[in-house]
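Q: Hi! Could you walk me through this protein, one piece at a time?
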Amino acid sequence: MAAQDAAVDSLRDREIGVEQEHLDRVYHRLEEKIHEAEFLMDDAVKRGQVGTPGALAERDAQVFRAGIHLNRLNSEFEDFLFGRIDLLLGKDGERGPDGAYTSVEPADDAVRGDSSADIAETLHIGRIGVLDSDYAPLVIDWRAPAAAPFYRSTPKDPGRVVRRRVIRSKGRRVLGVEDDLMRPELTAYLGGDKLPVIGDGALMAALGQARSHTMRDIVSSIQAEQDLVIRAPAASVTEVSGGPGTGKTAVALHRAAYLLYQDRRRYAGGILVVSPTPLLVAYTEGVLPSLGEEGQVAIRAVGSLSDEAAGVEGATTYDEPAVARIKGSSRMLQVLRKASRGALEQPGTARRTADPDGQLSFGDEADETAGSGEGAPATPTRLRVVAFGARVELNADELHRIRQSVLGGTAPVNLLRPRARRMLLDALWNKSSGRGRYTDPELAAELRSSFDEDVSTETVFLDFLNAWWPELTPRGVLAAMADEKRLGRWARRVLNQGEVRRLARSLKRLDREGNGPLSVHDVAVLDELQTLLGTPHRPKKKREFDPLDQLTGLEELMPQREETQRERAERLAAERTEYAHVIVDEAQDLTPMQWRMVGRRGRHATWTIVGDPAQSSWSDPDEAARARDEALGSRPRRRFTLTVNYRNPAEIAELAAKVLTLAMPGMESPSAVRSTGVKPRFETVRDGDLAASVREEARRLLAEVDGTVGVVVAMNRRAQAREWLAELGERVVALGSLEAKGLEYDATVVVSPAEIADESPAGLRVLYVALTRATQQLTVVSGERDLPDEGGVPDLLRD
Ligand SMILES: Nc1ncnc2c1ncn2[C@@H]1O[C@H](COP(=O)(O)OP(=O)(O)OP(=O)(O)O)[C@@H](O)[C@H]1O
């Protein structure tokens, strides 16, 4: 036995040596390329000094190319080279642009009658492609067509692949190799020797690794069904569904990298990834840089998607479910349409001004109303100006009619101000003595234009216009909705009284300008208001001219420039309002109002949408599905389903499936790819001390696993749970049930399933999410409310 082990070890060492030699060759070539690039940069600088337009253009082009080389080659990839495939002879002898043979199917005579065959081609796969000096491929970029068989080939459908090898390396050192044999029935030869096979597969090795607080890329172990999604053509909409842990998030991020590789020019318009929570953004944002992509992809939480509305920090608070339900619903749109127009009228407190008729007016003696009293200045109800030596006045009714007439139609309110101004002048003119003074049209027109000029530059008129048709801000309108009476008017026949009260109350945290903490659902409301209100055009400040700006993408490739790649990505994301491709992660959770917000960012985009209806925390999935359809319009869709759960061991998946049956009867669970033999544990609260029970369990799990422990509680226990765990160090995280979405931990503690399930109408689905976060171990801690049996199993999780 020992002799056999030693033989395996020496075979493994030999194969590691073989790959080490290859990696050495690759690095040697990379160094040559770096020297070339440095030379190009030097040369480019010299050319820049010549100063003729031709030389400058050439310099720019050279700097651009050299920038690409330097930036990519200097990137510290931890495992630059990670895969290899050994292939049979292909059907045709054609080579693709990367130097590899293109055929997927083996030639008819590739396998001999005695089931033996020769390896005709070996390809190494890495994060970027490298050609040797004769343009033969040393490493193929993982996204190139020639690399597809590395992911697609299976023993059932092997194509030309005989052996698929995952190479583990760090920097310049190869640490290990794991092989999968795709054609075990063959006796294959490589250079006359029998093809060796090491280990039993890379996938299991990857899945067994401890988790950290950031997601890893899966580039070396993408599975066939996932690869189909990643490389699906970009046209229109790609929809991916699949249960927890099937790799939807991973696939979506790899797809972003693939699309950029495939058509960088097209996606220079940016890729937006919409994530449900800031926690999931933080968890996933390292994946794209590890794939060599950064600048063009913006990963944003749905609560910070609308910069205009939310500011850079975004929203992190959550409304109670009943309020979230109102704010997210498409009924809200009707309310906002009315509010955005109604907010022009400001009841305010200023009615008690010194106007002789007891009315608020602008003009003559009684105008200084703005700023009097507390709260917003009231909307003036009279405009009085002096024209041709006489007073001309518009009363409340006349003003009302003008307002209604300007507001007819659907144009954004703030953009209607010039029209309002014009109609006011028309009305004043019609009442003035100027009208009818001349019959000659030219003279009449001249008089009219000097009337307009005189009246519209008068302070009285300007102040009136500012108060009567103020520029509205989304936050200001939102704050106006905190007034229950006004909101009641705007929501008539749309929301019932109870809903109006709840909604108004939830907005009381904002001050009059709308400053104050925003909830995640407020953001989509603000974004909608932004569209309904519009932004008046203001001339932009001119930027200084920089010739390098003309080369798109150059800044991203020039690490020595002041702005870092990340800063640039953030700036571009903030400046961008529309994207070339939109990826929606956890799409089942977007509310109708959020779909509208996201839809506006991808009006001309192609889309990738990943989600799982069984994990939806939105109470009316049908309504959300309709809103999704509206956002996507009639674009054709291509649908994929992922079926294998790579995260949870079978023991945990089985338990979660019980809740799935309650939450979505008839819905199938994905099949778990591995089993650990460790069953979930059930604990009940001891001595009524929930904190101590949870803490003790978290501590126990910390000792059991190498990586992270997540403790999931009902949303209203979030703050409490953080305190319970404060002393246990950084490997433990406390999460509200809605925050657990998309995340994973080596071990999790789910606290009181009943509390989580009762939290909202979608509570059972939220519980299903909570139960599917662990890669190794799960403990459920039950309180009284969970009605645990003698084994501690809560009511909801019993057979
Ligand atoms: N092909 C793969 N090779 C290695 N690991 C994988 C593979 N596919 C998925 N995983 C791992 O499985 C875990 C789950 O993946 P991911 O978070 O993308 O799933 P998901 O479908 O988005 O899950 P959920 O719906 O629960 O959020 C991650 O740790 C991911 O790295």
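Predicted model: local features only at pLDDT ≥ 70, side-chain atom pairs only at ≥ 80, totals over all residues.

Q: Which residue of β5 is the bridge partner of I125?
A: That's I140.

Q: What else is β3 joined to, and how many bridges are there?
A: Strand β1, residues 81-87, is joined to β3, residues 121-126, by six bridges. These two strands run antiparallel. As an example, D86 has T122 of β3 as its bridge partner.

Q: What's the order of the strands in that sheet?
A: The order is β4-β5-β3-β1-β6-β7, six strands in an open sheet with mixed pairing. At the edges are β4 (130-131) and β7 (173-181), each of which pairs on one side only.

Q: How does β4 join β5, parallel or antiparallel?
A: Antiparallel, through two bridges, with β5 covering residues 137-141. L131 has P137 in β5 as its bridge partner.

Q: I also see a sheet of three strands. What's its order?
A: That open sheet runs β2-β8-β9, and its pairing is mixed. Its edge strands are β2 (116-118) and β9 (193-194), each pairing on one side only.

Q: How do β8 and β9 run?
A: They run antiparallel, with two bridges joining β8 (residues 187-190) to β9. If you find Y189, you'll see K194 of β9 standing opposite.

Q: Switching topic: how many residues surround the ligand?
A: There are 24, and the closest are S221, P244, G247, K248 and T249. Sorted by class, the shell has eight nonpolar, eleven polar and five charged residues.

Q: Which helices supply at least two residues of that shell?
A: Both α4 (202-208) and α6 (248-262) do.

Q: What does UniProt list as a "binding site"?
A: The UniProt entry, which is unreviewed, lists G242, G243, P244, G245, T246, G247, K248 and T249 under that name.

Q: Let's look at T246. Where is its place?
A: T246 is in the loop between β10 (237-242) and α6.

Q: Why does T246 count as buried?
A: Because T246 has 26 C-beta neighbours inside 10 Å, and the cut-off for buried is 20 or more. Leaving out residues up to four places away in sequence, T246 touches L642, T643, V644, N645, Y646 and P670.

Q: And K248, is that one buried or exposed?
A: K248 is buried, because 27 other C-beta atoms lie within 10 Å. This residue is found in helix α6. With residues up to four places away in sequence left out, K248 touches V240, G242, V610 and L642.

Q: How far is K248 from R638?
A: Their C-alpha atoms are separated by 15 Å, while along the chain the two residues are 390 residues apart.

Q: What about contacts across the protein: what share comes from residues 24 or more positions apart?
A: Counting the contacts with a separation of 6 or more, residues 24 or more positions apart account for 73%.

Q: How many helices and strands are there?
A: The protein has 28 helices and 24 strands. It has 799 residues, of which 45% count as buried.

Q: Which residues of helix α10 are buried?
A: In α10, which spans residues 321-328, A324, R325, I326, K327 and G328 are buried. Among the elements covering these buried residues are α11 (331-342), α18 (497-506), α19 (520-533) and α22 (592-601).

Q: Is S115 buried or exposed?
A: Exposed, because S115 has 11 C-beta neighbours inside 10 Å, and a residue with 12 or fewer counts as exposed.

Q: And what about S752?
A: S752 has a positive phi too, about 50 degrees, although it is not a glycine. S752 lies in the loop between β23 (745-751) and α27 (753-758). This serine is buried, because 25 other C-beta atoms lie within 10 Å.

Notes. Residues numbered from 1 in each chain as written. Near = placed C-beta within 6 Å. Helix = DSSP H or I, 4+ residues; strand = E, 2+ residues; numbered from the N terminus. Nonpolar A, V, L, I, M, F, W, Y, C, P; charged D, E, K, R; others polar. Pairing = 2+ DSSP bridges. Contact = placed C-beta atoms within 7 Å. UniProt positions renumbered as here; feature names shortened; annotations may be inferred.
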